[in-house]
Amino acid sequence: MHAFLLSVHVLSVILWMGGVGFVTTVFFPAMAKTEDSLQKVLLFQKIEGRFAKQARAFIILAGVTGFALLFETGRWGDLFTSSGVDVTLMVFVWTLFSLVLLFEKRLFSYLFGGKKDLSPDRVFRFLAIFHWVLLVLGLAAAAAGVWVGHG
Ligand code: HEM
């Protein structure tokens, strides 16, 4: 059972972080080169909207298998301790992504519509940096998992 849960967990994380990596390192830089602001916003809504749907499914799968693994390995007690840096970071990253996706619509309507003084270019620059932060945290959680498990 452990190997099955771990495989599904790691595959969900690969697909999820692969998507975050693509959006961060390919999609945002390509969009930065698009001159027309309206085209930029439409492109963003199309790609990010599709990606968010996929990410939601992978986050649910990674979360369900992650909590099942915590239960199965008895590592609940490791959370928020020095021997549980890996699982603590995983839960932190998972919660952060879940909150962002949960409040995504409100966040976007605030960024793109609420504040009139924010130009789309500034919003996209902020979103590009924010995606880098999410990507680095996600990779750090994955590296910590492998490090603690096999180091
Ligand atoms: C609710 C969120 C999560 C929980 C509760 C959770 C929990 C766990 C647990 C208990 C293990 C097994 C550790 C062991 O065998 O001692 C594991 C493995 C792993 N997790 Fe998570 N995880 C979560 C989210 C994530 C995230 C967000 C990532 C990376 C972005 C991640 C990456 C990994 C990796 C790569 C492994 C395999 C480590 C290895 O054995 O090589 N997990 N997770």
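Helix 5 (residues 120-150) has 31 residues, which at 1.5 Å a residue should span 45 Å, and its end C-alpha atoms lie 44 Å apart, in agreement with that value; the expected span is 1.5 Å times one less than the number of residues. Helices are DSSP runs (H or I, at least four residues) numbered from the N terminus. The model is predicted, with local features requiring pLDDT of at least 70 and side-chain atom pairs pLDDT 80 or more, while totals for chains, interfaces and linings use all residues. Residues are numbered from 1 along each chain as its sequence is written, and side-chain values use heavy atoms, without hydrogens and water.

Buried residues of helix 5 include Val123, Phe124, Leu127 and His131 (buried: under 20% relative accessible area, 1.4 Å probe, protein chains only). Phe44 is also buried. The ring centres of Phe44 and Phe124 are 5.2 Å apart and the planes stand at 70 degrees, so the pair is edge-to-face (centres within 6.5 Å, planes over 60 degrees apart). Because Phe44 belongs to helix 2 (residues 37-73) and Phe124 to helix 5, the pair ties together parts 80 residues apart in sequence. Ring pairs join Phe27, Phe28, Phe44 and Phe124 in a cluster.

The ligand is surrounded by 23 residues (a heavy atom within 4 Å). Helix 1 (2-32) contributes the most to this shell, with 7 residues. Polar contacts are pairs of N or O atoms within 3.5 Å. A polar side-chain atom of His9 is 2.9 Å from a ligand nitrogen atom, and one of Arg75 is 2.9 Å from a ligand oxygen atom. For His150, a side-chain N or O atom lies 2.8 Å from an oxygen atom of the ligand.

Definitions and conventions
Phe/Tyr/Trp six-rings, centres within 6.5 Å; stacked < 30°, edge-to-face > 60°. Helix = DSSP H or I, 4+ residues; strand = E, 2+ residues; numbered from the N terminus. Buried < 20%, exposed > 50% of the residue type's maximum accessible area, 1.4 Å probe, protein only. Polar contact = N/O pair within 3.5 Å; in protein donor to acceptor, adjacent residues only side chain to side chain.
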